[in-house]
Each structure stands twice: as structure tokens, then as C-alpha cells.
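The following exercises are to be worked with the sequence and the coordinates at hand. Each task is followed by a solution in steps.

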Amino acid sequence: MGLNFKLQENFRKKHLSKDVIEKLFKMPIETTELEKIIFLMKKEVLPYCSNFGTEKFMGFPDAGNSIAGISGAVLSDFLQQNLINSSFCAPIATYMEIAVIKWLREIVGYENIEINNIWDVGGIITYGGTGSNSIAMLLARENHKQNTMKKGVINPDDYKVIIPKGIGHYSIKSSLMWIGCGDNVIEVPTIDFKYDLKELKKVLLENKGKIMSVVAYIGDSRSMTIDNLKEIDKIVKEIDNNIWLHADACHGFSLGFSEKLKSKISGIELFDSISTDPHKVLAIPYTVSALLLKNPETLKKVTTTSDLIMKEDYAFGQVTPFIGSKSWMSLKVWLAFQNIGKNGIAEIIERRCQMAQYLKEMLDNRKEYIVLNDVDINSVMFMYVGDKNNITMTVDEINNFNKRIKEKMDIDGIYFLHQFSINDDNKKISENAVLYPLRYMSGNDNITKDNINSMIMYIDNIIKNLNK
Ligand SMILES: Cc1ncc(COP(=O)(O)O)c(C=O)c1O
């Protein structure tokens, strides 16, 4: 049933209605055979589910269609290992989780040391990028003012974090509020979806002593741009060597697999912590993320000890804030690594980037469309503008038109492209304008040039009808 679902062509079959939802809320009182329920699910649930695995889902990368990854997901539920401790909950799983962390560290260019206990591993598996970013912020907080864990935050204003304006993922701002540091992000202006380095320097100097972390994106959620990592490191270290540098590489770490592409993320290894999301970019089903740490020992700052989670050398539960019992999520990644291998994954990532370049070049050659970003990885943000050599539509008209394209796509349920607000950082349409582009980004390995051609033909058709 699962495979048939993934192999269905369109993104979604049916739109949810109120009665369908109300039916779901009814408490089951009597026993029903599992087989019957599964049959009902097929008929009454699956048509409403979104299929991220189809080639027509081109909105964001989480395809989740790695066969090895799905096998790991199913198997880990059967095996019921708990990664909270090693001695009796996860005897071999703990070491396989350590292996996954070691491999990811190698991919981003961190050194691995000999492992004699959990504090030598240099990373933890979490439930997602939001979790990894939150724990990174917790580490930044402890690094900034020792023992805040025990004393609490006295003055949140002294725990500021710098993020790039307009492209930061909400998880940084939210996690700071969750960990008691208040709503204290400073948003620094960007150029071409990267920090304006002059402004960064200015803000660092103005707030000297109060900045606990600077966050940079190696593939931000919208434009997938890779920031100037080495320059950021240099500027920050010159002003305050104690500032925690965090790289949100939930998407971009994937380039580290490829010998051809890894130079694009060079400098990432200078950062104190790195968030990675295999469930986004390695086609692994939800959820699994890894937070990696340049200096493995830093996890001592947030260690929890209790004989309930075993005070033992290899109990991960001691170094995973916010997480108690933890399923064997890393098995999905372990199996995919074993099955596809580093070189195989590199080929997939290279092809994925090539597909995005193909779309960008195609749209660059069409007068009706403008591409807003420089396609560093696999995001193509584009807009219909009438005629880009002679734009007569206002920004509002362009935004409204592109929103109507998206509305029609959502009603049809055939293709999926993402849409969100973004500043016109590259000044492609109008300086300082807030735009609502259509965004292609796909992690589906099966997408071909033909699929991309068909998607654009489909959009051309919508435009034709809207222009009638
Ligand atoms: C750059 C970036 N960081 C963090 C996250 C959060 O990841 P998750 O949804 O796995 O919590 C996302 C999600 O889209 C993201 O794009």
C-alpha cells in the first residue's frame, strides 16, 4: 500500500472537507480487525495524503523515497531499541549511531578523535533541524555565560544572536525564546541572500560582549544560498573570539559528499556547531537530524546525569537535551549509507543540483519569467512577470498573479511548488520589494529534464488561462 502510494503520479488526489475531518474525530468504541482498518485507510485516508515521493512534488526536498531509508524506518520500529542508554536499551544500536555521526563529521570536514565515551563522539542525533538548532543555541548560551544551566538567564539582553535578515529559519528565534533568552535576535541585512559583511561587522562592534552566537546558512530554507563562511569566521573571531559560530547546514551539508561540489561549503569546518538534516536531503523518511560539534567535549556543558538513564560511558541520553527515550532514527541513515555509499550519494546530489541549473537556464531564456536567485544548490525562485525586457506590471500585480498561479496549482493537486515571501535581494524586479515567487526545489532522484519541461508547460498553460 505504501509503495503504491509513493508510485502514484500526482501530488494529491483529493481535497479535505469538513465532514471528512469530523469523521476522523469519532472515538472507536468496538474492536475492528486491523485488515479492515487498513482497507479503509486505503480508501478514505490515502487520497487526501500529499505524496512527496512523486516527480511532480517539486516544492521542497523531503522526498523520503530512499528504499534503504524506508527499510530502516520500518525495521527500527520492529526492533524497538531505545538510544537513551547502551547497556540494556541499545547495545549495538548505540555504536551504529556513533558510526553515523562519525561519517557525517567526515563529510563536513570535522576531525574525528578516538572514541572512549559519549563525550568524544562530537554529535547527537535529534528529531529534526529545529531540535538540532535549539541544542546548538543551548550550547552557545552555556559557552557565552558559563553555568546559565544552573543560574538561569539573568538579563536576556545579554544573550543576543545574529541571523541574516529575511532568510533565517524560524527555529533560531523560537529556540532562543524556548531556552529563556527572550526575543533577542538581531537581523543583519543581506546582499544576494548572504550577510552584508560590512553590516555584520558594524552590528558585532555595536553589541560587543552581548552576542552569544552568529548563525550562518549553508542553504537557507528559501533561496538555498551558501553564505561567505570563511569571511564570517574571520570577522567574528577578530571582534570576539568567544562568539559561538553556528552553521545551519540542514540542506547544504549534502554537498560535502561530492568531490566536485564540496569546495562550495569550504569553511563550514571552522564553525563550532553544524545542523544537518538527512531527512531533508538524503531522501530519508521523517525524522532524523544530527547536530555536529567541532569540539566534542562541549556537550559536557549540557550533560544530564541520572541513574534512570544510566551513568555509563555510552549513554546518549546524557547528552541529548529535551529528549528522553529516543527511537533508532539513525538506522535509516546507516542503511542508506551502506546501500548507496558515499560515492552513490554524491552522484545523486550532483544530479539534483544539475536539474535545478537546467530549470534556471531554461527560465533565463524565457522572456516571461525572472529567476530571483543565483542557484547555489537546488532552489530556483522564479516569477512570471509578463515580459522581463519591458515589465509593465506593478510589484503588487506581479505578486497577485503569481499567487493566483499557486492557487490554481493547489486546486489541481497535480504539481507542487512552494511559495513564500522573500525580499528582492538581487534587485531583479524592484529594490526592497517583498516578492511571492514560485519555488522549485526537489530532492527526488528520479526527476528528469522531461519532468521539468512538463511542469513549465503546465504553468504556461495556467498563465494562458489566467491571461484570457
Ligand atoms: C535551513 C533550515 N533549518 C532548519 C529547518 C528545520 O528543520 P526541521 O523541519 O527538520 O525541524 C529547516 C526546515 O525547513 C530549514 O530549511
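The model is a predicted one.

**Exercise 1.** Determine where Asp277 lies and whether Asp277 is buried or exposed.

*Solution.* Step 1: Asp277 falls in the loop that joins strand E8 (273-276) to helix H11 (278-281). Step 2: the relative accessibility of Asp277 is 0%, so Asp277 counts as buried, the cut-off for buried being under 20%. Step 3: beyond four places in sequence, Asp277 touches Gly128, Gly129, Cys250, Phe253, Val288 and Ser289. Step 4: with Ser289 there is also a polar contact, side chain to side chain, at 3.0 Å.

**Exercise 2.** Describe the setting of Met41.

*Solution.* Step 1: Met41 belongs to helix H3 (residues 34-44). Step 2: Met41 counts as partly exposed because its relative accessibility is 32%, a value between the 20% and 50% limits. Step 3: leaving aside residues up to four places away in sequence, Met41 touches Met1 and Leu46. Step 4: Gln357, 316 residues from Met41 in sequence, is 39 Å away, C-alpha to C-alpha.

**Exercise 3.** Which residues line the largest cavity?

*Solution.* Step 1: the structure holds one cavity of 30 Å³ or more, and about 30 Å³ of space lies in the largest cavity. Step 2: its lining is formed by Arg351, Arg352, Met355, Tyr440, Ser442, Asn444, Asp445 and Ile447. Step 3: helix H12 (residues 330-364) gives the most to this lining, with three residues. Step 4: by class, the lining residues divide into three nonpolar, two polar and three charged.

Terms used. Residues are numbered from 1 along each chain as its sequence is written. This is a predicted model: local features need pLDDT of at least 70, side-chain atom pairs count only at pLDDT 80 or more; totals for chains, interfaces and linings use all residues. Side-chain values use heavy atoms; hydrogens and water are left out. Helices (H or I, at least four residues) and strands (E, at least two) are DSSP runs, numbered from the N terminus. Buried means under 20% relative accessible area, exposed over 50%, partly exposed in between (1.4 Å probe, protein chains only). A polar contact is a pair of N or O atoms within 3.5 Å; within protein, one must be able to donate a hydrogen and the other to accept it, and residues adjacent in sequence count only if both atoms are side-chain atoms. Contact means heavy atoms within 4.5 Å. On a 1 Å grid over the protein atoms alone, a cavity is a set of points where a 1.4 Å probe fits but cannot get out, and a pocket is an open set with protein on both sides within 12 Å along at least five of seven lines; lining residues have an atom within 4 Å of a point. Grid points are joined across faces, edges and corners, and a volume is the space filled by probe spheres set on the points. Ala, Val, Leu, Ile, Met, Phe, Trp, Tyr, Cys and Pro count as nonpolar, Asp, Glu, Lys and Arg as charged, and the others, Gly among them, as polar.
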